[in-house]
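This report describes a single protein chain, shown below.

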Amino acid sequence: SISFFKLARLQKDIEDKTSPEFQRQAWEALRKSINGLVNKVNVANIKNLVEELFQENLVRGQGLFVRAIIRAQMASPGFTHVFAALVSVINSKLPQIGDLLIRRVILQFRRAYKRNDKIVTTAAIKFMAHLVNQKVVSELLALHVATLLLERVTDDSIEVCVSFMQEVGQMLEELSPSGSVAIYERFRNILHEGEIDRRVQYVIEGLFEVRRKKYSDFPGLVEELDLVDEEDQVTHEVDLLDDTIKGEESLNIFKAQPPEEYAADEAKWKHISADILGLQEEGAGSDDSSTDSEEEEAEQAADEKATQKILDFTEQDLVNLRRSIYLVIQSSLHYEECVHKILKLNIADGQEREVCTMLIDCCAMDKMFNRFFALQAERLCRLVPLYQEHFSALFDQQFATVHRLETNKLRNIGKFFAHLLYTDALSWSIVAQVRITEETTTSSSRIFIKVIFQELSEQWGIKKLVGRLKDPEAQPFIQGLFPTDHPKNMRFAINFFTAIGFGVLTED
């Protein structure tokens, strides 16, 4: 009987539209709805999704919305331009949300920058860059960020600043040409000082090339996401280093209101929401009337195509495929069994590279080199020649980024590719891009080559290794390993191979 009365009282509370229990349920529903809509947004559906968002109480849920946007952007930095466009539309109607978001992104950047967290810093500055592109925040913030990153020069700070300038550079040259020139001048001075790693110098030179091409590969604002008229835009000015900035995290937490206040807030939001949606409908009528018929035709065509093929823009299929490959690799006792299972997976054309990447990653993660992964790669190359092309391409990629690897991972990956070479699963063509000169190698890449040659020598013996290198078929591909174009390069290569115990390879 007690439980019956409790249930009756609870039911009564929920039926009362202003009771704390009802408010809590409404808050939970609001949180789920905002999270669902934010995680669903893409270029194609953003206009419809904005209308759905304005039907939710964004004034009460502003903390929830900002938290959802920041989390989604951090998880998918590739969609930053879409999230920034969404914020731009919301900000044009409810500027307090745009202001809160900028403050939280700045605080996130400051925390990550202080603890040298490169991944979070890069994601945060990318968000700030696109908020500048959408004119949600003043370009002064972009200039301040770039100046801060170039103030204390390290390899990481320069790389982060280069990626920032790639994203925001086009808009910065339009809004603040003199500021943009000053930043590029600082980059030029850093290059001339020559105190940074050669790899980072190449990164800066790449940025100058992007600028020379007028940011054609990094547009500031794509046409489909230019959704707010200039007169409707609200641009905030926030100081990057302002100590008084607060993230107002309490806005993320439910707080019950007195019944009269809650009812008044609900009525006020209904009025604001109707006002916003009414304005949007008027705007849509005047701006989009000429394209309505075209959009309808496009939608019909899309509906017809949808019955034939569904495109996954969330990359969920790719994530699922990687998970399946990983589970197959980890659950197999023998490499042949594993390869058999992999080939039976539903791998679409073009996704074979994911299998190769997963094998290399799994091999790299082990504390000691495990031949199990290399044997799988070897068998895949023999059974399906297409895998040879993918492993060859991945060798180039690994060699280019080998400086980012820890020593243990570097050694494992070196032995992985050495296995594919000495079993003839891959030919010497994979080393065609390698040049052993002072300018084109780093200490990491030289260790990588050393590991490969030591492993080949262990498996073949030095006599067979010399014989294989003298093979006429190998000659065109190993020119870079033993350069003869300049005495300085020849001397460097001879010294390198002598130092690692393979002087005999340079005798001819």
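## Packing of α5 and α7

Is the crossing of α5 and α7 left-handed or right-handed? In this predicted model, the crossing of these two helices is right-handed. The residues that make the contact are T80, H81, F83, A84 and V87 on the α5 side, and K126, F127, H130 and L131 on the α7 side. Sorted by class, the contact of α5 with α7 comprises 5 nonpolar, 3 polar and 1 charged residues.

Two packed helices are described by the angle between their axes and the distance between the axes. Helix α5 spans residues 80–93 and helix α7 spans residues 118–133; they pack at an angle of about 50°, and their axes are 9 Å apart.

## The chain as a whole

The chain contains 22 helices and 0 strands. Of its 508 residues, 43% are buried. Among contacts between residues at least 6 apart in sequence, 77% join residues at least 24 apart.

The mean pLDDT of the chain is 86, and 90% of the residues reach 70 or more. Over residues 280–291, however, the pLDDT is below 50, and this stretch has 7 contacts in the model beyond near neighbours in sequence.

## P20, an exposed residue

P20 belongs to helix α2, which covers residues 20–40. Its relative accessible area is 53%, and P20 therefore counts as exposed, the cut-off being over 50%.

Which residues does P20 contact, leaving aside its neighbours within four places in sequence? The partners of P20 are F254 and A256. A C-alpha separation of 8.2 Å is found between P20 and P259, although these two residues are 239 residues apart along the chain.

## Q398, a buried residue

Q398 is located in helix α18, formed by residues 386–400. With a relative accessible area of 11%, Q398 is buried, because this state requires a value under 20%.

When residues up to four places away in sequence are not counted, Q398 touches I360, L405, I413 and F417.

Technical notes:
Residues are numbered from 1 along each chain as its sequence is written. This is a predicted model: local features need pLDDT of at least 70, side-chain atom pairs count only at pLDDT 80 or more; totals for chains, interfaces and linings use all residues. Side-chain values use heavy atoms; hydrogens and water are left out. Axes are lines fitted to C-alpha atoms, for helices over the stretch in contact, and angles run from 0 to 180 degrees between N-to-C directions. Helices (H or I, at least four residues) and strands (E, at least two) are DSSP runs, numbered from the N terminus. A crossing is left-handed if the near helix is turned anticlockwise from the far one by less than a right angle, and right-handed if clockwise. Contact means heavy atoms within 4.5 Å. Ala, Val, Leu, Ile, Met, Phe, Trp, Tyr, Cys and Pro count as nonpolar, Asp, Glu, Lys and Arg as charged, and the others, Gly among them, as polar. pLDDT is the predictor's confidence in each residue, from 0 to 100. Buried means under 20% relative accessible area, exposed over 50%, partly exposed in between (1.4 Å probe, protein chains only).
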